[in-house]
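Subject: A structure for you to look through

Hi,

Here's the structure I said I'd pass on. Have it open while you read, and I'll walk you through what turned up.

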Amino acid sequence: MTVSLSLVLLVILVALVFEYINGFHDTANSIATVVATKVLSPGQAVALAAFTNLIGALWGTAVAKTIASGLIDLGIVAVTPQVLICALLGAVIWDLITWWWGLPSSSSHALVGGLCGAALAAAQNNWSSIIWWQGGEHWWQGKGLLPKVVLPMFSSPLLGFVLGFVMMGALFAITSWLGSRSGVLQKFGRPRFLNGFFGKMQMISASAMGLSHGMNDAQKTMGIIALALVGATSAGTMDGLPDWLSFLRIEEDANQQFPIALWIKVLCAVTMAAGTAMGGWRIIRTLGHKLVKLHPVNGVAAETASASVIIAASHFGIPVSPTHNISAAIMGVGAAKRLSAIRWTGVERMVWAWILTIPITGLLAWLMVRLLQVFGLA
C-alpha cells in the first residue's frame with residue numbers, strides 16, 4: 001500500500017498527542033512525593049518537573065532506538081503509518097482511562113503493548129513478527145520483548161522497592177544514632193533539623209527523578225516518530241520532497257539502527273514538558289497520599305532509589321516504567337518503617353493496572369488494525 005506524506009505527518013501528530021498526555025499523566029512520577037511532603041507547592045513542583053523532563057529528554061537515545069528497532073521484526077511485518085496510529089491510539093485510550101481513575105499505570109508499557117498488538121494484527125497474527133529475544137552475550141545487550149520489557153517490568157520495581165527499603169533503613173539508623181548522642185550531634189538528630197535538611201535535599205532528589213523520567217519516557221515517542229519516517233523513506237514517500245523538508249528523510253544505518261535526529265528529540269522534549277506543566281493531580285493524590293504517609297526524609301529515599309534504577313535502565317536502552325519504580329520505591333520506604341504503614345488497598349488497585357496495561361493496549365491496537373483491514377484501509 002502506498003504511504004502518503006499526510007499519513008506520515010498524522011503519525012507524528014498522534015505521537016505528539018501521546019507525548020503530551022504522557023507528560024501530564026506521568027507528572028506525578030517525579031513530583032508526587034515532593035508535593036506530598038509539602039517541600040514544594042504543586043505549581044513549583046510542576047515547573048521543576050517540566051524543566052527536568054525537558055533536560056532528560058534531550059539526554060541520550062538508547063531507549064528510542066529500542067522502541068524503533070528492538071521490538072518488531074520489520075522483515076516480517078511492514079509497520080505502516082496506519083499500524084503506528086493504531087498503536088498510539090491504544091496507548092492514549094488506556095492512559096486517559098487510568099488518568100481518570102487516578103491509577104498510576106505505565107505509559108511506557110501502554111505504548112509497547114499498543115505497538116506489539118498493532119504489529120501482530122498487521123502480520124495476520126504471526127507471532128514471529130514480535131522480537132522475543134535476539135542477540136547479545138548478556139540479557140541487557142540483546143533486544144526483544146522479553147529482555148527489554150518483560151524482565152525489567154518485574155525486576156526494576158523490585159529493585160526500586162529494595163533500594164527504597166535499604167536507603168530508608170540506613171537513614172533511620174543514622175538519624176536514630178544522632179538523636180541518641182549528646183551535644184552538637186544530638187541537634188542533627190532532632191525532627192525540626194531533619195525536616196529542614198531533607199526538605200532541601202529533596203529538591204535534588206526530585207530533580208533527579210524528573211531527569212530520569214525525561215530520559216526514559218520521552219524517548220519512546222522519539223522512537224515511534226523515527227520508525228514512521230524510516231518506513232516512509234524506504235517506501236519512497238520522501239522522494240521528491242523540497243530541500244526545506246529534507247529533514248524528514250531518515251534512513252537505517254549499517255547496523256539497522258534508526259538515527260534519532262535532533263529535531264525529533266527537541267520536538268518530543270518540548271511536548272512532554274508542556275504536558276508536564278499541565279499536571280496530573282489525580283495520580284499525585286494516589287502516589288503522594290494513598291500509599292504511604294510521607295515526610296521529606298521518605299521523599300529523598302524514594303526519589304533517589306527510583307531515579308537510580310531509571311537512569312541505569314535508560315543507559316542500557318531499557319524502556320522501564322517510571323510509574324512502577326517510584327511506586328515501588330515509595331512502598332519500600334513505607335515498609336522500612338513498618339508493613340502496616342503501606343496502604344494496601346491503593347497498592348492492589350495499582351498492581352491490577354500494571355498487570356492489565358500491556359494486554360489491554362495490545363488488544364485495543366489489534367482490534368483497530370483489524371477494523372481498518374476489514375474496510376481495506378490497512
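Before anything else, one term you'll need: contact means heavy atoms within 4.5 Å. Keep in mind, too, that this is a predicted model.

Leaving aside its neighbours within four places in sequence, Met167 is in contact with Ala301, Thr304 and Ala305. Met167 sits in helix 7, and it counts as partly exposed because its relative accessible area is 27%, between the 20% and 50% cut-offs.

Now zoom out.

The whole chain

The protein chain exposes about 15700 Å², and carbon and sulfur atoms supply 68% of that. Then there are the contacts between residues at least 6 apart in sequence: 82% of them join residues at least 24 apart.

Helix 7 against helix 12

Two packed helices are described by the angle between their axes and the distance between the axes. For helix 7 (residues 145-180) and helix 12 (residues 296-315), the axes come within 8 Å and cross at roughly 145°. The crossing is right-handed.

Which residues meet there? From helix 7 you have Ser156, Leu159, Gly160, Leu163, Gly164, Met167, Met168 and Leu171. From helix 12 come Val297, Asn298, Ala301, Thr304, Ala305 and Val309. Sorted by type, the residues of this contact are nine nonpolar, five polar and no charged. You'll spot Met167 in that list, and its partners Ala301, Thr304 and Ala305 are there on the helix 12 side.

A covered helix

Next, find helix 4, residues 62-69. Six of its eight residues are buried, so it is mostly covered. The buried ones are Val63, Ala64, Thr66, Ile67, Ala68 and Ser69. What covers them? The cover includes helix 6, helix 7, helix 9 (191-234) and helix 12.

Ala68 and Ile224 are 156 residues apart in sequence, but 5.9 Å apart in space, C-alpha to C-alpha.

Two threonines

Thr271 lies in helix 10 (residues 262-278), while Thr175 is in helix 7. Are they buried or exposed? Thr271 is buried, with a relative accessible area of 14%, and Thr175 is buried with a value of 14%.

Each has a side chain with a backbone oxygen beside it in the model. For Thr271, the backbone oxygen of Leu267 lies 2.7 Å from a polar atom of the side chain. For Thr175, the backbone oxygen of Phe172 lies 3.1 Å from a polar atom of the side chain. Thr271 also touches Leu16, Glu19 and Tyr20, not counting residues up to four places away in sequence.

Last stop: the loop between helix 6 (107-122) and helix 7, where you'll find Gln124. Most residues other than glycine have a negative phi. Gln124 is not a glycine, but it has a positive phi of about 55°. Asn125, in the loop between helix 6 and helix 7 as well, is not a glycine either and has a positive phi of about 65°.

How accessible are these two? Gln124 counts as exposed because its relative accessibility is 52%, over the 50% cut-off. Asn125, with a relative accessible area of 35%, is partly exposed.

Cheers

Methods
Residues numbered from 1 in each chain as written. Predicted model: local features only at pLDDT ≥ 70, side-chain atom pairs only at ≥ 80, totals over all residues. Heavy atoms only, no water. Helix = DSSP H or I, 4+ residues; strand = E, 2+ residues; numbered from the N terminus. Buried < 20%, exposed > 50% of the residue type's maximum accessible area, 1.4 Å probe, protein only. Polar contact = N/O pair within 3.5 Å; in protein donor to acceptor, adjacent residues only side chain to side chain. Axes fitted to C-alpha atoms, helices over the stretch in contact; angles between N-to-C directions. Left-handed = near helix turned anticlockwise from the far one by under 90°. Nonpolar A, V, L, I, M, F, W, Y, C, P; charged D, E, K, R; others polar. Areas by Shrake-Rupley, 256 points an atom, 1.4 Å probe, with all protein chains shown as cover.
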